[in-house]
Structures are given as structure tokens and as C-alpha cells.
Amino acid sequence: MSALDLVIRARRVVRPDGERPAAVGVRDGRIVAISPYDAELDAATELRLGDDEVLLPGLVDSHVHVNDPGRTDWEGFTSATKAAASGGVTTIVDMPLNSIPPTCDVPALALKRKTAETQAYVDVGFWGGAIPGNVPDLRPLHEAGVFGYKCFLLHSGVDEFPPLDADQLVAAMREIAAFDGLLIVHAEDAHRIDDATAPSGASYQAFLDSRPRAAENEAVTQVIDLARTTGCRVHILHVSSADVLALLTRGRNDGVRISAETCPHYLSFAAEDIPDGATQYKCCPPIREAANRELLWEGLRDGTIDLVVSDHSPSTIDLKHLDTGDFGTAWGGIASLQLGLPAVWTEARRRGFTLTDVVRWMSAAPAAQTGLSAKGGIEAGYDADFCVLAPDETFVVDAQQLQHKNAITPYDGRTLTGVVRSTWLRGVPVDLAADPRGRLLTRGER
């Protein structure tokens, strides 16, 4: 083999069938060789990982709200991609809201790309949005390279991204099915939530009661039924209700092309432990009870839930209304982009899972979902995107030290296991003090 740019030798390299010692060879930003640990490989640079370190593929987080342009005081591409890199994430896919304008037509996508192109420390792709009246924009967005379309079935939290009613949902699904696109759905039923008691005050239980699991269950049932009749590929975002698992199984058994994700906060926290007034925990759908959490873990174990992504949904600290602790008025979203890997690994290892499992949920599966065929694994021909992890090292989260623009997260003060030692993008370590090297990605590219 001719000279390589880089060889990384590690006693533990995580691949789809487990961990093994290996020497990973890189040329021109791609993995070109996976050889025995002691293989003779000629390279310009050689790195030997310590015995306490594991080489993982860079993570792919397909659910990130960057909010740029328009709400850059909430987050921006510089801070978001620095946070991603600090957490071992080498690719993010940005949600069409809460930026202004939302990514619901080609001009808005062009603006989003222009905003991101000089700020990205990791690779960045983009979701489009499906909102009332934009069915004619869906195919042009597809041709412009979005990875799919997000929709809401109830108020999104921002007025510029309204929800789809039943007829609008059918129209969007038929159009998306016509070019075999992907619809990703915030699945909570608006009528069920309207019928519940509106949240008000500091009681977390009152907030939980205002977003009943029945709302999630009914919305997922509706999406499955319409996917069956329209043939549209669908993905259920941030599953919080374990009741959804049986619905997903039945839908798949009927031939519905449906996938689903959950998030680190649903796997880490439990409603019983959330103090009243602790609005840093507010998200929609909400964090549910401990027994429900354990069923979500079982859904990951048996493959009913496909992937784990952050749903990083930050805001300015004042919007969390920490002064009043009012769950009815506080912004609903959790900032966790930098912390997803250690948060999930901390809980996964307690339940007998391995790093191979975590990589499948947080790298391979999100890459497959978005069609990023050169991401998500340590395989010949893939991008040389890596995370060097010390899996047994612990740390205490200090929100002030995170790369997130606003220093608020429910993980603040929590002890987590798994320290990211370095992150590599196409064979080069990500340097947060240097100019950004991330690329903007389009659907279907390798």
C-alpha cells in the first residue's frame, strides 16, 4: 500500500460486529485500510491511542436546532458545531425551525446554507419543513438536497412554523411519497392536548398531565395509518411514550416504512425525580416516569427504536423562566448536543449495553436514516470521522464550561461517564481555535 496520510492504532476499535484491535489507515480524508494492530503501514502521521481509549466513528446527530439565522442569541452554527465536536459528533442535521425564516422553501434553504458555510466546525446537513401551503415547495427542496421534511401536528412553539391538519398532512405525504422522500413527525395530537388541563405554575406533575401519553399514541397511530395509505416513508421524532413501541411494531409488520428515535433525556431522567420549578427539564413531549424510561431502553434493546439523537433545542436562559419556575410559560427544549454520548453511555453501561450498541444508535443508524452512506462507521471508503473516547473516565457537567451559547442544561452538576479526548473530521483533529473545516452536506452525496 502506498503511503497514507494517517494511521491510528487502537487496542479497541468499535465496528458493527464489536470491538477489536486495529490499525486504521486514512488517505485524502477517507478510510482506506483497516489492518491488524501491528501491521506495517507507511504513513505521514501515526497515532497510538492509550490503553484507556477507544476509537469510535464520529457520531451523527440528525436532530439539532441551530436556530441560525434569526434566533442566534439562542444558538448559532459556530457554537452548535463547536459543541458537537466537543461531544464526539462529526455530523449534524439542522432542523428547519427555530430559525427565521424556517427552511420551508428553496430561498430559505439557500440563506441557511450561506449562514452556515463559514461557521461549521463539523459537517452539516439540513431538513426542510412541511407547513400549510408549501406542498409546491417540497419537491424543489428535495432537488436542492434537504434530507427530508419535518412537520408538527400541533403548535410548534413558534408561529412561523405552523402545524399540519389532517388534510394538509395527507397532501404533504402524497407529494413526498411521489419522490420517495422522508417525512419526520413531531407526533402529539393537538385535540388530546387541548382537552387536557393547561400547564401553569411550578408543578412538574401538572406539566406532565398537560402532555398525556395518549396524545403521542394517537398521533403515531394517525401517522402510521396515513403512511399505510399514501406509501410515504415516515420517521417518528423523540419518542417519549413507551406505548408507541407496540404501534411501531404493528405498523412495520403491516409493511409501513417507519423508523423512530428517542433522546438522551428520555433515557436519563425520570419524572419522579424532577423538582417542581426546574424548568430546565421542560421539553415536549415531556420526560415521563421511571418505568416508562426502562421500557424505552427495552425498545432500544429489541430494535423497535432505531436511533438516539439529542433534539438539542436551546434558548436564552430568560426564556426558561427560572425566576418563576412556571412550566406553563417556560420554553420547552433541552440543550444537550455536547453531552449526548456520555449521557447515553452512562445509562447504557448500567443496563449491560456495549459501546457497539451506542455507536449503532448514535452513529450508524442516524447516518442510514439520512442516507449519509459515507458516515456512521469505521469502514473502508467511509469518511475518516472519529471520536476518541475514554469510556471509564468520569466528569461532572458544568454548564458554564460547555460550548453551548447559553449555559443551561438539566445535566448541570450530574456525574457522567465517558470523556471525549478528541474528535477527527476527515482525518484531521477538530481544532476549535482554528478556522472551521466542516462541509455542508446534501442528500445522497458520498
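Predicted model: local features only at pLDDT ≥ 70, side-chain atom pairs only at ≥ 80, totals over all residues.
Asp-123 is buried, with a relative accessible area of 0%. Asp-123 belongs to strand E8, which spans residues 123-126 and is covered on both faces. Asp-123 and Gly-125 sit on one side, Val-124 and Phe-126 sit on the other, and all four are buried.

Next come the charged side chains. The structure has 34 salt bridges, and Asp-123 takes part in one with Lys-375, at 2.6 Å from N to O. Lys-375 comes from the loop between helix H12 (355-370) and strand E15 (386-396), while Asp-123 is in strand E8, so this contact ties together parts that are 252 residues apart in sequence. Both Lys-375 and Asp-123 are buried. Asp-123 has a salt bridge with Arg-426 too, and here the closest N and O atoms are 2.7 Å apart. Again the link joins distant parts of the chain: Arg-426 is in the loop between strand E16 (415-425) and strand E17 (428-429), 303 residues from Asp-123 in E8. Arg-426 counts as buried because its relative accessible area is 15%, and the cut-off for buried is under 20%.

Back with Asp-123, salt bridges that share partners join Arg-30, Asp-123, Lys-375, Asp-383, Asp-385 and Arg-426 into one network.

As for helix H11 as a whole, nine of its 11 residues are buried, so the rest of the structure largely encloses it. Among the buried ones are Gly-340, Leu-341, Pro-342 and Trp-345. Just past the end of H11, Gly-352 adopts a positive phi of about 85°.

Now for how helices pack. In general, a packed pair is described by the angle between the two axes and the distance between them. For helix H3 (residues 135-143) and helix H4 (residues 166-178), the angle is about 30° and the axes are 9 Å apart. H3 is therefore roughly parallel to H4, and the crossing is right-handed. At the contact, Val-135, Leu-138 and Arg-139 of H3 meet a set of H4 residues including Ala-171, Glu-175 and Ile-176.

Finally, there is an open sheet of six strands, arranged as E9-E10-E11-E12-E13-E14 with parallel pairing. Strand E9 (128-129) and strand E14 (307-308) stand at the edges with a single partner strand each, so one side of each has no neighbour in the sheet. Further in, strand E12 (residues 233-236) pairs with strand E13 (residues 258-262) over three bridges, in the parallel sense. His-235 has Ser-259 in E13 as its bridge partner. H4 packs on this sheet, touching strand E10 (149-152), strand E11 (182-186) and E12, and the direction of H4 makes about 150° with that of E11. Helix H7 (residues 213-230) packs on the sheet as well, touching E11, E12 and E13, with its direction at about 170° to that of E12.

Methods
Residues numbered from 1 in each chain as written. Heavy atoms only, no water. Buried < 20%, exposed > 50% of the residue type's maximum accessible area, 1.4 Å probe, protein only. Helix = DSSP H or I, 4+ residues; strand = E, 2+ residues; numbered from the N terminus. Salt bridge = Lys/Arg side-chain N within 4 Å of Asp/Glu carboxyl O. Axes fitted to C-alpha atoms, helices over the stretch in contact; angles between N-to-C directions. Parallel < 35°, antiparallel > 145°, perpendicular 65-115°, else oblique. Left-handed = near helix turned anticlockwise from the far one by under 90°. Contact = heavy atoms within 4.5 Å. Pairing = 2+ DSSP bridges.
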